[in-house]
Amino acid sequence: MEAESDLFLSTNTRHFGPSVVAPVDKDAGGIYVLKQVVNPERTHLVTALSDESIRVYDIERELQPLLNLTQAHEKTINQVVIGENRILSCSNDGLVKLWDPRSGELTGMMKNRNKEVYSVSQSRYIVAGGARSEVAFWDVRNLKEMCRFNETFTDDVTRVIFHPTETSMLLAGSEDQVLCLFDLQQQNEEDAMSSSQDTLVYVVSFQHSAQTNPFLSVTSMAKNSKTHFWCRQSHQFT
């Protein structure tokens, strides 16, 4: 599963983690790393910077980026996701973009009609994007919108993430304090809502839990900076 965090780039060095450091151009000034993610094989690091660029690093080489996608978006990049054959990015410019991780070529683009896209996740051929009180779904094969879930949430959907193995399960969290697990095999939004909890969500992810092995629990970081584990089987936080 991908690892993600927010960091700061100082004028002289860039710290991507405890063992990955890259130099900053002397004339670049201070640049913030808004998001960073490591691919599942832990060989490459993708960063979204405050200058709306995306950079891809080989973790073994560390110093020089393999790709430097300047002006990747026109506004703040809210999330980057890396898979086997593509990088996804979403932004306040209302766009979800698909990139070739080898060449850096823009291979696709999807526009959210309600502007900002705060989070993005992919499962097989489906891309989900969290936006203003709704989740939009696109088919990555033709870049067309499939549907929208706009009845569950009343505020910005700040996080969407597909289950790593059960590819029809989507977890979404919103600023309205609703954390919801959807089963996309169902025909409509109401039937798809498998379970929900009231909690102010900042970060959510699927994590293995020794107590629930081989099942997966949900980690939610709430406003009080504490991490809570939500067991899907019991629908309760621990």
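Analyst: Let's start with the whole chain. Of the contacts (heavy atoms within 4.5 Å) in the protein with a separation of 6 or more, 35% are between residues 24 or more positions apart. This is a predicted model, where local features need pLDDT of at least 70 and side-chain atom pairs count only at pLDDT 80 or more, while totals for chains, interfaces and linings use all residues. Residues are numbered from 1 along each chain as its sequence is written, and side-chain values use heavy atoms, leaving out hydrogens and water.

Now the salt bridges: a side-chain nitrogen of Lys or Arg has to sit within 4 Å of a carboxyl oxygen of Asp or Glu. That rule gives 6 of them.

One of them pairs R113 with E145, at 3.3 Å from N to O. These two are 32 residues apart: R113 is in the loop between β11 and β12, and E145 is in strand β15 (strands are DSSP runs of E, at least two residues, numbered from the N terminus). R113 is exposed at 57% relative accessibility, and E145 is partly exposed at 34%. (Buried means under 20% relative accessible area, exposed over 50%, partly exposed in between, with a 1.4 Å probe and protein chains only.)

β15 also holds R148, whose partner E134 lies 14 residues away in the loop between β13 and β14. Salt bridges with shared partners tie R113, E134, E145 and R148 into one network.

Another pair is D100 with R102, at 3.6 Å: D100 is buried at 16%, whereas R102 is exposed at 59%.

Key. Helices (H or I, at least four residues) and strands (E, at least two) are DSSP runs, numbered from the N terminus.
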